[in-house]
Amino acid sequence: MDLYNLTLAGLIIFIGSFFATVSGFGFALVATPLLAMIMPVKWAIIFILVLTVVLRILTMWRVWGEFNWKTVALTSIGSFVGMLPGSKVLHFISITHLQIFLGVVLLLATALMSLQYTVPIKNKTAGRLGAGILSGFFGACTSVSGPPLVLYFLNERTDKTEMRANMIWIFGVTGVLMVGASYWAGNIGTVGDWSYLYSMIPATFIGVLAGERMFRYLNQHLFRRLSLMIVLVGAVMMLFNGIREL
């Protein structure tokens with residue numbers, strides 16, 4: 001690996017960890033499509049799964065007392081249910097088609113949310129469990145687990161501080177499970193060059209510090225707009241990568 005790709009990988013991880021710290025999500029959504037431009041897609045997915053654990057370890061303790069235990073538990077259980085089939089999907093379905101499908105779905109959902117469209121949720125327990133299942137499935141097969149939860153919480157109009165804290169803890173718990181599921185499915189061994197971590201891990205630390213400072217300046221309205229923007233940008237990049245690989 002050359003110095004250029006090592007530096008570029010670090011920059012990508014810094015951007016992803018910055019947005020993930022500010023909003024509580026977006027690490028994989030932003031970083032995976034960009035990393036896939038300089039390395040095999042499956043490598044990018046595994047790196048993101050591993051670095052997600054590092055990122056959440058750095059941020060979970062900072063939001064202690066701000067999250068809802070019941071919400072975190074329900075969505076984490078749902079995510080575990082979804083990640084088991086998701087971790088096996090890569091052996092049977094092309095990652096390219098999964099990226100295109102998820103990109104299209106996210107574009108449609110973001111467009112509806114930006115128009116203030118909401119879906120009444122009568123049973124929030126079932127809704128959060130279902131969002132967790134979708135999050136776990138797509139997280140295990142594409143490393144992008146945030147959008148189902150983000151769109152669900154925005155639909156519920158959850159307070160920004162609680163929403164961010166919920167997602168940090170959910171992705172902290174499920175991140176460890178996803179790495180385990182990927183190891184169980186035999187995906188970890190697909191990475192041929194772990195030296196990328198030399199720049200990725202320090203970049204994660206720096207991104208967290210910068211993101212914590214930025215969050216203090218966001219009100220509820222700006223937080224919602226930022227969340228939708230991250231989903232939109234990630235959806236476009238996933239579509240671009242998927243179409244490029246056809």
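**Packing of helices α8 and α10 in the predicted model.** Helix α8 (residues 160-184) packs against helix α10 (residues 220-245) at an angle of about 40°, and their axes lie 10 Å apart; axes are lines fitted to C-alpha atoms over the stretch in contact, with angles from 0 to 180 degrees between N-to-C directions. Helices are DSSP runs (H or I, at least four residues) numbered from the N terminus. The two helices, α8 and α10, are therefore oblique to each other (under 35 degrees counts as roughly parallel, over 145 as roughly antiparallel, 65 to 115 as roughly perpendicular and the rest as oblique). Lys-160, Met-163 and Arg-164 of α8 meet Gln-220, Phe-223 and Ser-227 of α10, contact meaning heavy atoms within 4.5 Å. This is a predicted model, in which local features need pLDDT of at least 70 and side-chain atom pairs pLDDT 80 or more, whereas totals for chains, interfaces and linings use all residues. Residues are numbered from 1 along each chain as its sequence is written, and side-chain values use heavy atoms, without hydrogens and water.

**Backbone of Arg-157.** Arg-157 lies in the loop between α7 (146-156) and α8. Although not a glycine, Arg-157 has a positive phi of about 60°. Its relative accessibility of 49% makes Arg-157 partly exposed (buried is under 20% relative accessible area, exposed over 50%, partly exposed in between, with a 1.4 Å probe and protein chains only).

**Surroundings of Phe-25.** Beyond its neighbours within four places in sequence, Phe-25 contacts residues including Phe-19, Arg-56, Val-150, Met-167, Phe-171 and Ile-230. Ser-227, listed above for α10 in the contact with α8, is also among the contacts of Phe-25.
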